[in-house]
Amino acid sequence: MLITIPLCAFLQIPWVKLHQRTLLLSIVYYIATATSLTAGYHRLWAHRSYSASPVLKCLLAAFGAGAVQGSIKFWAREHRAHHRYTDTDKDPYNVKESLLHAHILWVILKQPKKNNRVDISDLQNDPIVAWQHKHYFLAALFMGWAFPTIVAGLGWKDWYGGFLYAGILRSFFVNQATFCVNSLAHYLGEQPYDDRRSSRDHFITAIITMGEGYHNFHHEFPSDYRNGIEWHQPDVTKWLISLYEWIGLAYNLKRFRQNEIDKSRLQQIFKKLRIKSKSLDWGQPLSQLPVMEWNEYQTRVSEGQLLILIGGVVHDVSKFIQEHPGGELMIRSALGKDATTLFNGAVYAHSNAANNILDTLRVAVLRGGCEVEIFKGRPI
């Protein structure tokens with residue numbers, strides 16, 4: 001169903017003409033079956049991110065079967081296990097085993113029992129889900145292959161073209177796009193909400209998967225009916241669910257509080273900043289510097305050391321004096337003195353960059369010299 005039959009179909013392409021109307025049917029049916037997976041299997045049944053009328057449920061169950069990816073019960077059960085055990089041995093499509101495993105090997109090879117229990121009582125009690133699961137094989141064959149064949153055959157006498165292009169090859173491409181959520185969405189992109197798991201956000205994956213590519217957001221807020229929450233983020237499935245709500249087929253659309261979304265984003269920003277901060281030279285911490293007496297400070301300067309006192313901290317400017325933008329003379333005039341006032345505006349109000357450079361020149365704190373002074377809002 002996933003490899004052999006599609007391969008045979010690809011081999012027949014040179015001998016089967018693709019009619020324009022069959023191509024249009026293939027595209028329309030691709031969208032219908034793909035969005036039945038994303039809006040139905042995924043966001044409605046797997047995550048209960050909104051409620052749907054019986055009519056919409058039946059349509060999503062029917063066209064979802066046409067994607068040929070298993071029943072709702074099977075699909076949603078595996079997906080809930082994926083969320084509960086992400087990136088572990090109990091994750092059905094664990095990307096850490098390999099990108100290819102997460103994409104397709106997990107479903108075509110015999111897998112060891114995972115012992116990954118999840119609650120699917122709501123699915124078992126849903127009559128539409130139960131009916132589709134019981135009759136899935138026939139539903140998949142009819143909706144996946146027979147239905148597009150009949151439409152093309154009765155519509156413009158292209159029976160085999162409808163079967164080949166709108167049936168087999170269309171379902172193959174739907175499968176590959178959906179599998180990208182398991183593979184690319186855990187491999188390609190940014191992690192603006194949480195980087196402890198592999199899920200990622202990426203524009204390209206979102207285009208391929210009808211909006212499912214904002215996967216880092218989805219794993220952080222799985223019951224939100226949206227994946228792309230910004231106006232500029234393409235999320236076809238979100239727009240479609242909103243349309244369902246507008247025409248009265250969907251209701252109770254769930255959104256996480258914006259406050260919690262903003263907190264996750266801000267926490268991740270802080271985390272990245274802390275990591276970056278550790279890689280920078282902020283100078284020797286004050287608590288680790290030796291204490292120097294005023295007489296010792298002046299004695300060292302008289303012996304030729306280039307030391308300046310600013311804000312109760314002694315700085316060795318020997319490696320910086322020739323680089324000083326204000327000239328070497330200005331620094332030499334302050335050697336052996338308390339240059340705090342000069343540094344903070346009496347001569348020149350130094351920039352933030354100047355303060356940062358000064359921090360890297362620390363060599364000691366002066367006893368009684370304002371060791372805990374705070375100036376310009378910066379602890380020294």
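**Entry 1: ground rules**

I number residues from 1 along each chain as its sequence is written. The model is predicted, so I keep to its rules: local features need pLDDT of at least 70, side-chain atom pairs count only at pLDDT 80 or more, totals for chains, interfaces and linings use all residues, and side-chain values use heavy atoms, with hydrogens and water left out.

**Entry 2: aromatic pairs**

I searched the whole structure and found 15 aromatic pairs. Rings of Phe, Tyr and Trp (its six-membered ring) pair if their centres lie within 6.5 Å; planes under 30 degrees apart are stacked, over 60 edge-to-face, and the rest tilted.

I looked up Phe10 and Phe173: their ring centres are 6.0 Å apart and their planes stand at 85°, so I log the pair as edge-to-face. Phe10 sits in helix H1 (residues 4-12) and Phe173 in helix H9 (residues 159-182), so the pair ties together parts 163 residues apart in sequence. Helices are DSSP runs (H or I, at least four residues), as are strands (E, at least two), numbered from the N terminus.

Phe173 also pairs with Phe172: the centres are 5.4 Å apart and the planes at 75°, so this pair is edge-to-face. Next I checked burial, where buried means under 20% relative accessible area, exposed over 50%, and partly exposed in between (1.4 Å probe, protein chains only). Phe10 is partly exposed at 32%, Phe173 is partly exposed at 43%, and Phe172 is buried at 17%.

I also noted a cluster in which ring pairs link Tyr29, Phe63, Phe142 and Phe147.

**Entry 3: Asp224**

Is Asp224 buried or exposed? Its relative accessibility is 1%, so Asp224 counts as buried. I found it in the loop between helix H11 (215-220) and helix H12 (236-246). Leaving out residues up to four places away in sequence, Asp224 touches Ser49, Phe217, Lys254, Arg255 and Phe256; contact means heavy atoms within 4.5 Å. A polar atom of the Asp224 side chain lies 2.9 Å from the backbone nitrogen of Phe256.

**Entry 4: cavities**

On a 1 Å grid over the protein atoms alone, a cavity is a set of points where a 1.4 Å probe fits but cannot get out; a pocket is an open set with protein on both sides within 12 Å along at least five of seven lines, and lining residues have an atom within 4 Å of a point. I counted three cavities of 30 Å³ or more. The largest cavity holds about 70 Å³. Its lining includes Tyr30, Thr38, Val174 and Glu212. H9 gives the largest share, four residues. The lining divides into seven nonpolar, three polar and one charged. Here Ala, Val, Leu, Ile, Met, Phe, Trp, Tyr, Cys and Pro are nonpolar, Asp, Glu, Lys and Arg are charged, and the others, Gly among them, are polar.

**Entry 5: pockets**

The largest pocket holds about 500 Å³. Of its 23 lining residues, Phe320, His324, Ile331, Phe343 and His350 lie nearest the centre. The largest share of this lining, four residues, comes from H17. I sorted the lining into 18 nonpolar, five polar and no charged residues.

The second largest pocket holds about 410 Å³. It has 26 lining residues, and Gln69, Gly70, Trp75, Val107 and Phe179 are the closest to its centre. This lining divides into 17 nonpolar, seven polar and two charged.

Technical notes:
Polar contact = N/O pair within 3.5 Å; in protein donor to acceptor, adjacent residues only side chain to side chain. Points joined across faces, edges and corners; volume = space filled by probe spheres on them.
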